[in-house]
Amino acid sequence: MRSPAHRCRDIERQAGYLQPDQCVPPPPRGTADGMWFIQDGCGIVCGVITWLLVFYAEFVVLFVMLVPSKSLVYSIINGVLFNALAFLALASHFRAMLTDPGAVPKGNATKEFIESLQLKPGQVVYKCPKCCSIKPDRAHHCSVCKRCIRKMDHHCPWVNNCVGEENQKYFVLFTMYIALISLHCLVMVVFHFLYCFEEDWTKCSTFSPPATVILLILLCFEGLLFLIFTSVMFGTQIHSICTDETGIEQLKREERRWAKKTKWMNMKAVFGHPFSIAWLSPFATPDHGKSDPYLYVV
Ligand SMILES: [Zn+2]
Ligand SMILES: [Zn+2]
């Protein structure tokens with residue numbers, strides 16, 4: 001028996017009932033498909049804020065804590081570690097934002113395309129009435145991206161993009177690296193406060209003592225907030241990958257129509273085959289294997 005959520009999915013039609021006149025022909029390849037970037041004001045502002053927050057942390061870590069530090073070894077080790085993690089966080093953000101999350105070709109619900117699928121009795125296709133595309137299983141329409149996205153998890157304004165089948169790896173890495181730099185910042189702030197209490201406050205920073213305290217408290221607040229937010233997000237994402245259930249499917253309590261796989265197979269499906277250090281690299285494009293079919297058997 002079907003769940004209410006399943007019945008409420010977009011109108012189920014057979015080939016004969018589709019109205020191809022309502023479909024706008026898809027844009028020619030190489031124009032709109034050339035680069036993926038969502039033109040959403042709120043998302044662009046949130047994306048820029050994310051970069052500015054990382055640059056603020058970078059500024060305080062370098063010029064308030066590491067440059068005035070007496071120990072060169074301490075400064076070099078922490079400087080290299082912090083910059084490497086910050087670079088990976090921004091690279092992950094960049095890839096999560098500019099990677100097509102798995103958009104279904106727009107306007108492909110035409111009569112010719114449906115006929116080319118050669119539907120057999122009992123087979124149906126789902127059509128999205130908003131973007132006029134044929135929806136593969138587990139795809140959902142995003143009102144911000146104005147497209148149907150394969151295995152859409154949610155639309156994240158912080159990366160100004162949907163999190164879906166093709167860019168989930170970069171989003172998970174982004175949350176992980178932001179959580180790590182936040183933790184690193186907090187540890188360094190604690191050490192710096194201890195160092196300043198022992199030494200003369202005027203010598204522990206190139207800035208005046210009040211400015212130093214304000215900059216460090218703001219960094220502490222930012223680090224704590226983002227450590228909590230991104231580590232919860234990271235945990236939620238890993239859980240949904242292991243259980244192979246997207247955020248939307250959990251929310252809508254959709255009936256499970258796909259085969260159950262092991263946690264390890266689900267992780268490989270997102271991060272790529274085989275397991276390697278490339279899982280941690282935002283520059284390695286994962287191999288997702290075969291995509292979901294268009295057809296459904298009822
Ligand atoms: Zn759609
Ligand atoms: Zn979206």
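The model is predicted. Its secondary structure amounts to eight helices and eight strands. The chain has 298 residues, and 37% of them count as buried. Among contacts with a separation of 6 or more, 73% join residues 24 or more positions apart.

An unreviewed UniProt entry lists four stretches under "transmembrane region": residues 44–66, 72–91, 170–195 and 207–229. Residues 72–91 are 100% helix and 0% strand. The C-alpha atoms at the ends of this stretch lie 28 Å apart. Residues 207–229 are 91% helix, again with 0% strand. Here the end C-alpha atoms are 30 Å apart.

A hairpin is formed by strands E2 and E3. E2 spans residues 123–127, and E3 covers residues 134–135. The two strands run antiparallel and are joined by two bridges. Tyr-126 faces Lys-135 of E3 across the pair. Six residues separate the strands. In this hairpin Cys-132 adopts a positive phi, near 60 degrees.

Helix H8 comprises residues 263–271. Its buried residues include Lys-268, Val-270 and Phe-271. These residues lie on the same side of H8, because they cover an arc of only 165 degrees around the axis. An α-helix has 3.6 residues a turn, so residues three or four places apart point the same way. The cover over the buried residues of H8 includes helix H5 (168–198) and helix H6 (209–242). After H8 comes Gly-272, with a positive phi near 105 degrees.

Helix H6 also contains Phe-234. Is Phe-234 buried or exposed? Phe-234 is buried, because 20 other C-beta atoms lie within 10 Å, and 20 is the number at which a residue counts as buried. Which residues does Phe-234 contact, once neighbours within four places in sequence are left aside? The contacts are Val-172, Thr-175, Met-176 and Ala-179. Leu-173 lies 61 residues from Phe-234 along the chain, yet their C-alpha atoms are separated by 8.3 Å.

Definitions and conventions
Residues are numbered from 1 along each chain as its sequence is written. Chains are lettered from A and ligands numbered from 1 in the order in which they are written. This is a predicted model: local features need pLDDT of at least 70, side-chain atom pairs count only at pLDDT 80 or more; totals for chains, interfaces and linings use all residues. Helices (H or I, at least four residues) and strands (E, at least two) are DSSP runs, numbered from the N terminus. A residue is buried if 20 or more other C-beta atoms lie within 10 Å of its own, exposed if 12 or fewer, and partly exposed in between; C-beta atoms are placed from the backbone. Two residues are in contact if their C-beta atoms, placed from the backbone, lie within 7 Å. UniProt positions are given in the numbering used here, feature names are shortened, and annotations may be inferred rather than shown by experiment. Two strands pair if DSSP finds at least two bridges between them. The arc is that of the directions from the helix axis to the C-beta atoms.
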